[in-house]
Amino acid sequence: MLCAISGEAPREPVASRKSGNVFEKRLIEAHIAENHTDPVTGEDLSVEDLVELKSPQVVSPRPPNLTSIPALLSAFQNEWDAIVLETHTLKQQLAQTRQELSTALYQNDAATRVVARLTRERDEAREALSNVTVSGGRNGDAMQVDGQALPEELAAKVDETQQQLFATRRKRPVPEGWATGADISTFDVASSSKPLYPGSSAVSVDESGDMALFGGADGVAGVYSISQEKVVQVLKAGSPVTATTWWGSRAVVATAAGTVKIFENGNEIAQLGSHAGAVTSLSLHPSGSILASGAADKRVAYYDLATFKTVSQIYTEADITASSFHVDGLLLFVGSSDGKIRIFDVKTGASMAELDSGAPIAAISFSENGTWFAVAQKGSSQVSIWDIRKQNVIKVLEAGSPVENVKWDYTGQFLAAAGSGSISVQQYTKASKSWSEPVRKAVPAKDVAWGANAGSLVALTSEGGLSILSSA
């Protein structure tokens with residue numbers, strides 16, 4: 001009897017009940033433990049299917065070729081030859097492995113070079129956006145690239161500002177002397193200026209509540225003193241003014257040429273940015289250290305106001321129509337012509353969320369409670385109140401005419417809406433969790449801003465003048 005696996009006489013022979021084949025017991029048990037099959041037929045086989053066979057112990061005779069010294073020398077020579085051949089084979093395999101390793105290293109180096117080249121081309125493509133016409137950007141396929149992180153010192157400033165504001169926001173009382181709903185209900189047009197800058201689309205009021213900044217299609221902006229009822233500074237922007245804001249006492253003006261200019265005491269002290277399309281929005285970070293500009297070239301640029309240099313950029317898939325820092329400064333909300341509100345991490349430039357409003361965004365304004373923001377859509381007479389935590393609309397307010405812009409007051413109680421047919425103010429009463437409309441006036445306006453202590457409203461008329469609404 002010979003083992004069907006080893007081909008030698010088994011010391012402990014067993015036979016399969018199913019196939020009748022004879023095996024060495026230790027070999028077949030090891031095979032069954034691993035494969036559970038008969039090695040000859042391939043059928044399922046278990047240890048219980050094996051039958052032990054009784055056979056006399058037979059001592060295997062020596063091979064006849066190992067019975068003499070010459071035969072042993074010949075066997076040793078064959079073994080030596082086999083070892084030499086094996087060594088030669090190992091050397092060949094080692095040389096081949098070295099060659100493969102060298103090739104892999106070259107491939108890794110080539111891949112690193114390709115990554116470096118693609119990174120360079122990506123940066124060049126970003127810069128090339130400034131050479132692409134806005135109309136071409138609108139008609140072409142959407143491009144999505146990753147945002148850039150802020151420098152460490154500015155990122156630390158963002159964190160510090162967020163922690164300070166978040167810790168004090170809930171405990172912040174309403175400032176003494178702040179206007180009440182009863183005060184606002186008596187608002188009426190107290191004064192109006194003649195059309196100063198036709199084509200104006202945005203107005204901003206400084207911290208004092210007396211200086212209003214706006215500009216027109218002729219490339220000239222002005223600082224209007226509400227108390228003196230006259231322009232006290234004339235600012236030459238060079239091209240149509242599209243957005244305005246204040247940086248402390250400095251006037252910041254954006255233009256249709258894609259530039260942002262900063263003026264101090266009527267003199268230009270810096271020019272920022274090089275957008276390919278008109279700058280559509282400006283937003284100052286709560287820290288006062290960073291300025292963001294959004295434009296029709298689908299790009300947001302961050303500027304370090306200490307150096308007046310561009311420190312980061314964010315690219316979107318649609319023309320930017322509105323943008324605003326969250327009141328704590330950790331997030332940037334960007335509204336676009338495709339109706340999407342994209343939320344970005346200010347420090348890293350990473351996309352955090354994307355909300356769909358269903359229509360092109362006209363304006364975004366944050367409440368000081370830190371959780372609500374108001375959204376106006378182009379051509380719509382409704383204002384949507386969104387909750388950041390729930391990421392959905394919690395209230396829809398009716399403004400009476402297509403809304404051009406919206407602004408919360410400092411306390412988050414009052415929301416002013418400027419429309420093509422009227423100006424209205426919506427009031428939220430926290431105690432009763434209810435909304436009311438203290439005032440609505442038939443004053444067509446492109447934009448609106450709150451005066452000192454919410455005691456007045458500064459409305460930018462469609463003719464390019466200002467109307468001041470306050471209590472009689």
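**Charge and overall form**

Tutor: The protein chain carries 41 positive and 53 negative side chains, and the centres of the two sets lie 3 Å apart. Lys and Arg count as positive and Asp and Glu as negative, with His and the chain ends not counted; each charge is placed at NZ of Lys, CZ of Arg, CG of Asp or CD of Glu.

Student: What should I know about the model itself?

Tutor: This is a predicted model, in which local features need pLDDT of at least 70 and side-chain atom pairs pLDDT 80 or more, while totals for chains, interfaces and linings use all residues. Residues are numbered from 1 along each chain as its sequence is written, and side-chain values use heavy atoms, without hydrogens and water.

Student: What box do the C-alpha atoms fill?

Tutor: Along the principal axes, the C-alpha atoms of the protein chain fill roughly 130 × 50 × 40 Å.

Student: Now strand β10: why is it described as largely enclosed?

Tutor: Five of the six residues of β10 (residues 250-255) are buried, so the rest of the structure largely encloses this strand. Buried means under 20% relative accessible area with a 1.4 Å probe, protein chains only; strands are DSSP runs of E, at least two residues, numbered from the N terminus.

Student: And how many bridges join β9 to β10?

Tutor: Six, with β9 (residues 241-247) running antiparallel to β10; pairing requires at least two DSSP bridges. V241 stands opposite T255 in β10.

Student: Which residue of that hairpin takes a positive phi?

Tutor: G248, near 65°, in a hairpin with two residues between the strands.

Terms used:
Buried means under 20% relative accessible area, exposed over 50%, partly exposed in between (1.4 Å probe, protein chains only). Helices (H or I, at least four residues) and strands (E, at least two) are DSSP runs, numbered from the N terminus.
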